[in-house]
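Here's a quick briefing to read with the model open.

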Amino acid sequence: MNKSGERAAADQILRELQNNPDTWLQVVHILQNSQNLNTKFFALQVLEGVIKYRWNALPVDQRDGIKNYISDLIVQLSSNEVSFRRERLYVNKLNIILVQVLKHEWPARWPTFIPDLVSAAKSSETICENCMAILKLLSEEVFDFSRGEMTQQKIKELKQSLNSEFQLIHELCLYVLSASQMTELIRATLATLNAFLSWIPVGYIFESPLLETLLNFFPLASYRNLTLQCLTEVAALHIGDYYDMHYVKLYNIFMVHLQTILPPGTNIPDAYANGSSDEQAFIQNLALFFTSFFKSHIRVLESTPENRAALLMGLEYLIGISYVDDTEVFKVCLDYWNSLVLELFEAHHGVENPAASINMMGLQMPLLSGMVDGLGSALSQRRQLYAGPMSKLRMLMISRMAKPEEVLIVEDENGNIVRETMKDNDVLVQYKIMRETLIYLSHLDHDDTEQQMLKKLSKQLNGEDWTWNNLNTLCWAIGSISGSMMEDQENRFLVTVIRDLLNLCEITKGKDNKAVIASNIMYVVGQYPKFLRAHWKFLKTVVNKLFEFMHETHPGVQDMACDTFLKIVQKCKRKFVILQVGEREPFVSELLSGLASTVADLEPHQIHTFYESVGHMIQAESDPQKRDEYLQRLMELPNQKWAEIIGQARQSVDFLKDQDVIRTILNILQTNTSVASSLGTYFLPQISLIFLDMLNVYRMYSELISSSIAEGGPFASRTSFVKLLRSVKRETLKLIETFVDKAEDQPQIGKQFVPPMMDPVLGDYARNLPDARESEVLSLFATIINKYKGVMIDDVPRIFEAVFECTLEMITKNFEDYPEHRLKFFSLLRAIAAHCFQALIHLSSQQLKLVMDSINWAFRHTERNIAETGLNLLLEMLNNFQASEFCNQFHRSYFLSIEQETFAVLTDTFHKPGFKLHVLVLRHLFCLVDSGVLTEPLWDASTVPYPYPNNTMFVREYTIKLLGTSFPNMTTAEVTHFVDGLFEFRNDLSQFKNHIRDFLVQSKEFSAQDNKDLYAEEAAAQRERERQRMLTIPGLIAPSELQDEMVDS
């Protein structure tokens, strides 16, 4: 037997052993007799499973047996230095098991645990070291990892026990730190303290020698990092102002020690780059200490001149650390700078609006003019205090600015300038925070921001500071503060910036250099649409520069030029169709005359973007006659090509089978789709021109595909020829869908295209082999129904007949095949349920059952989009049927199966993202039962022996039975309590939701996992509030992202 086979067989045996409910009884025997560490670990794994999931079901003597055995084993192994060091991994695992036991037993059934532990610790230094490890684990389990693992009640109980017994632990730690000489033990004690400091009663910290002890350990190299972590925990506490003076003293002593360890003026980035791993960790920890301290206590340090000097020195260190070339360190610093700048900005923002800043300081009282002045001067003094650090911080932000998403041109690891291939999400997140920070900094002092940027730019021009990176970060910073200055200042600033960048482009030699400069010019102009709208000369120069870049074959430059062109046109489209002062004709007309040469060097996908941009311009023209003339001129090249191909095809159909011809057709259709997406309704004359020929090509290609697959078998569907043909079919569907979808203002426009499509598109779908069916047919008809709504009701049976059963057959064999068809099929069903519900009521009961089964099938998917579409569809069906005359009939058939299926996915950990919708479905069912809308019994009288008084009682009992059998580890009382709660809270959504969340955690299925998906809805509401706040501050939401076409007149 081969190695992997043996391994698989062994794995299988171990798994069966582990799942055997009696294996754990052998654990003690294995631990005592085995010499093999892996075997011991396996035994402990079995034991851990029993403790986690079956502990309360074990008899008391067995529980006590395990408890005493584990405790004795730990003491025995850790009482002697040699065995303790040798068996360290094994002891660690035993500690974890002990803490799992404690979570059940302590404090109620093992009240003496802490005193026992402390007295054991005093008997030997190694036992003491291990006791520290156990206490640290316990603290982490209760305070850090408990959400979703234990019920709220249990967490509260454990926290109270730890708090009330802390005195013994506190004395033990201080005793060790003052008396022991053993490095290992002192390190373990500091690590344990670090875990405890964030939650213990503060008296233990400030009213005992603890802080003094820690500060004495700080200068010693071997404890420096651990001590610094402890001090950081203390620094991060928010505890009112009672201990302010302790904090001032702590900070000042700390700064004295720090200057010995890391003298002021040290080049911290160099020290970090050349330091040992301990020294690097020290700088990281230092960043955490300063940021934690300042976040909570910076105000205390502003009080006296000595404290202010120490504060400024701390900020100086932190700015130094911020230049360290390490993402994690920079993230910590950046996060703090962002909050400090925001706080200073909000106070400063408030001075212009005194009422707001009084509220900020928590004073609610009528305003007296003198008081406002006093407040103003206090705030301006504070701004004065921070002016120096803030100026240095602007420099830091400008020189370390992260790359924005729009920039496609990057330097690779070999120092070449290339097109970016992957988006780096971390960089995008960092850009967002840095951009926000820089905008606040700009608001605090516009002049300093402008001067620093222009000074750095002039150094690029005179070559003193020229590098790719310096120019990039500078231009990214300039682009990111768009909208934050007053308009005249911004205009002045930009005139200089754009002029200098265009000059730089002229005077610099070398293709790579030019590509970098080009990318920066494009990024900056794309960020300032308002400036371009107000300055036609600049706008025209910039667009012509973009046309120049469209001939530049350096990787990424053309792409970026086309993207920037689209971005600018969307924001300034009116400017291109009106006659500007000093011009002979509108720019769009000039552009159309030179169109062929402008796009000569572009790839097809770039040409499509270009055409989409011009579509936006034409859409801005209000005179219908001019608009149609522009459209005709724009489409001249593709239409000419199309007419040639169709003409040749009329002579000989085989002409359409040539691969190059197929590619050309595809390209022409893609160009049409691009223009349709920006022109909307006004695309009608163009689509009418090609529509019928296009359907003929569609039909012909479809027959070609079917015959190829029939002749060549399943592999034919993967040949490049068939793939190409299918691309043309897909693009045809996409073009029609785009047009229907974008024709906003005239909802009936395009309705005349539906009848001619019935056979070539729908009939074709039904006739094809599964592998040759285009999923786009489903999304096209979903779009048509969403657009034309109830008007489509007569066509629904025809649509149903063509796509329904044949698609279901494709997607219900398993959860994997035809992923595209799945999602689009359910979207089509959803459109029908929303707009043509009457058509569903007229289905036969067989067909309705198919619909319901397919919905069930949808929400059992682990693929999130499909499951969500299925659940939304189910909710719509439930609401529609509740309001229809078939309410009783429908619920008698489906109520119980829907309830059962919903509970099945709700309690399956793979389906967490659907939590919000599962809750809504259950709430709907429980409200319905209690509302009296159902007038007939939900149970089947022939199978249920005695009649229930009402549906509520029946559903209550049915649910208790259903959950009782699904969760054998829960008692009947627990299940009954849960079900009663469902009825009790049905009218209050948030209580209903919390009740279900608690049940899931309690059911233990969810306990050891990350349950943030259960809280997704709360997180989304928080994001929306944040967006509303950002809209009130100029520049925070980039002008290029705002929907502001209204301004473009």
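His-911 touches Phe-859, Arg-860, His-861, Thr-862, Val-905 and His-918, leaving aside residues up to four places away in sequence; a contact here means heavy atoms within 4.5 Å. This is a predicted model, where local features need pLDDT of at least 70 and side-chain atom pairs count only at pLDDT 80 or more, while totals for chains, interfaces and linings use all residues. Residues are numbered from 1 along each chain as its sequence is written, and side-chain values use heavy atoms, with hydrogens and water left out.

**Around His-911**

- His-911 sits in the loop between α45 (887-906) and α46 (915-931); helices are DSSP runs of H or I with at least four residues, strands are runs of E with at least two, and both are numbered from the N terminus.
- With 7% relative accessibility, His-911 counts as buried. The cut-offs are under 20% relative accessible area for buried, over 50% for exposed and partly exposed in between, using a 1.4 Å probe and protein chains only.

**Domains 2 and 3**

- The protein chain splits into domain 1 (15-263), domain 2 (535-621), domain 3 (623-738), domain 4 (745-819) and domain 5 (843-1039), with bounds from an automatic or database domain assignment.
- Domain 2 and domain 3 have C-alpha centres 25 Å apart, and their contact takes 17 residues from domain 2 and 19 residues from domain 3.
- Between them, domain 2 and domain 3 bury about 1700 Å², with 66% of it on carbon and sulfur atoms. Buried area is the accessible area (1.4 Å probe) that two parts lose on being put together, summed over both.
- Which three residues supply more of the area that domain 2 buries against domain 3 than any other three? They are His-608, Tyr-611 and Glu-621, and they supply 41% of it.
- How many salt bridges are there between domain 2 and domain 3? The count is zero, a salt bridge being a side-chain nitrogen of Lys or Arg within 4 Å of a carboxyl oxygen of Asp or Glu.
- Nine residue pairs are in polar contact across the interface of domain 2 and domain 3, both residues at pLDDT 80 or more. A polar contact is a pair of N or O atoms within 3.5 Å; within protein, one must be able to donate a hydrogen and the other to accept it, and residues adjacent in sequence count only if both atoms are side-chain atoms.
- On the side of domain 2 that touches domain 3, the elements giving two or more residues are α30 (587-593), α31 (595-598) and α32 (604-619). The largest share, nine residues, comes from α32.

**Salt bridges**

- The whole structure has 42 salt bridges.
- Arg-299 and Glu-343 pair up through their side chains at 3.4 Å, N to O. Arg-299 is in helix α17 and Glu-343 in helix α19 (residues 327-351), 44 residues apart.
- Both ends of that pair are partly exposed: Arg-299 has a relative accessible area of 47%, and Glu-343 is at 25%.
- Arg-726 and Glu-774 form a salt bridge at 2.9 Å, N to O. Arg-726 belongs to helix α37 (residues 720-742), while Glu-774 is in the loop between α38 (754-767) and α39, 48 residues apart.
- Arg-726 and Glu-774: buried or exposed? Both are buried.
- Lys-824 makes a salt bridge with Glu-776, with the closest N and O atoms 3.9 Å apart. Lys-824 lies in helix α41 and Glu-776 in helix α39, so this pair ties together parts 48 residues apart in sequence.
- Lys-824 is buried at 18% relative accessible area, and Glu-776 is buried at 15%.
- Shared partners join Arg-726, Lys-729, Arg-730, Asp-764, Glu-774, Glu-776, Glu-820 and Lys-824 into one salt-bridge network.

**Backbone details worth a look**

- Trp-106 and Pro-107 are joined by a cis peptide bond, with omega about 0°. Pro-107 lies in the loop between α6 (88-105) and α7 (113-121).
- Lys-789 is not a glycine, yet its phi is positive, near 50°. It sits in the loop between α39 (776-788) and α40 (796-811) and is partly exposed at 42% relative accessibility.
- Tyr-818, also not a glycine, has a positive phi of about 50°. Its place is the loop between α40 and α41 (819-835), and at 22% relative accessibility Tyr-818 counts as partly exposed.
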